[in-house]
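Subject: A structure for you to look at

Hello,

I am passing this structure on to you, along with some notes on what turned up in it. Please have a look at the model first, and then read on.

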Amino acid sequence: MLKIIAIVIVLIVAGVLIAATMQPASFAVSRTIAINAPAGKVYPHIVDFHAWNAWSPWEKIDPDMKRTFSGENAGKGAIYAWEGNGKVGQGRMEIKDAQAPGKVVIALDFIKPIEGHNTATFLLEPKGDTTQLTWTMTGPSRFITKVIGVFMSMDRMIGGDFEKGLAGIKAISETKPAA
C-alpha cells in the first residue's frame, strides 16, 4: 500500500513539473481604467513614488513597512525600496523612463519572498475629457513562477491588485486638484 501511495505521489510531482515546463517563458498582466480627468492631473500620482501611499494596494497591507526613497525626487531616476512583512516582502523600484504626461516605465525588482525582475509600465492616453490609464507588468517566468502558474496564473494573482490601484488613482485624480 505504501508503495502505491509513493508511486502516486511521484507521478503527481512529475506531472506538475512537466506541466510547469510547458508554461510560457514570460508573463504579462495588464489592466485599464477610464479616468474623468486630463492626463496631466493623473500623471503626478504615478511619477512620484511619494504619492503611491495614497493609492497603492500594497501600501495598506503592511502599515509598518520600511520605505526608503532615493535618487531623484520624482521621474526618471527616482527609487523606492521597501521591506515589509511576508505579504509585501522586500523589493525595489526605479523609474527608468518618464514622458509627461503619457508614460512611466519602472524597473521592479522583488527580493523576498521570491526573487523576480520585472517591468511595470503606466500608459496614459487622452480620450476626450477622460484619460485611459493602462498598468502593465511584464517579466520572465522563472521555473518557480512556472510551477506556481500550473495552479494559478500571474494575471489572477495580481490582476485584482492592479484593479484596486487603478481605482485608487481614479478616485484621487477625479477629486483632488492637480499638483
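One term before we start: a residue counts as buried under 20% relative accessible area, as exposed over 50%, and as partly exposed in between. Glu-174, with a relative accessible area of 31%, is therefore partly exposed. Please also keep in mind that this is a predicted model.

The side chain of Glu-174 forms a salt bridge with that of Lys-170, at 2.9 Å from N to O. Both residues belong to helix 5 and sit four residues apart, which is about one turn of the helix. Lys-170 has a relative accessible area of 21%, so Lys-170 is partly exposed too.

How far apart are the end C-alpha atoms of helix 5? Helix 5 covers residues 154–175, and at 1.5 Å a residue its 22 residues should span 32 Å.

Now to the salt bridges, of which the structure holds six. Side chains of opposite charge can pair when their charged atoms come close. Two of the pairs involve Arg-31.

- Arg-31 and Asp-155 meet through their side chains at 2.9 Å, N to O. Arg-31 is in strand 1 (residues 26–35) and Asp-155 in helix 5, so this pair ties together parts that lie 124 residues apart in sequence.
- Glu-163 and Arg-31 also meet in a salt bridge, at 2.7 Å from N to O. Glu-163 is in helix 5 and Arg-31 in strand 1, so here the parts tied together are 132 residues apart in sequence.

Is Arg-31 buried or exposed? Its relative accessibility is 16%, so Arg-31 counts as buried. Through shared partners, salt bridges join Arg-31, Asp-155 and Glu-163 into one network.

I hope this helps you find your way around. Do write back with any questions.

Best wishes

Terms used: Residues numbered from 1 in each chain as written. Predicted model: local features only at pLDDT ≥ 70, side-chain atom pairs only at ≥ 80, totals over all residues. Heavy atoms only, no water. Helix = DSSP H or I, 4+ residues; strand = E, 2+ residues; numbered from the N terminus. Expected span 1.5 Å × (residues − 1). Salt bridge = Lys/Arg side-chain N within 4 Å of Asp/Glu carboxyl O. Buried < 20%, exposed > 50% of the residue type's maximum accessible area, 1.4 Å probe, protein only.
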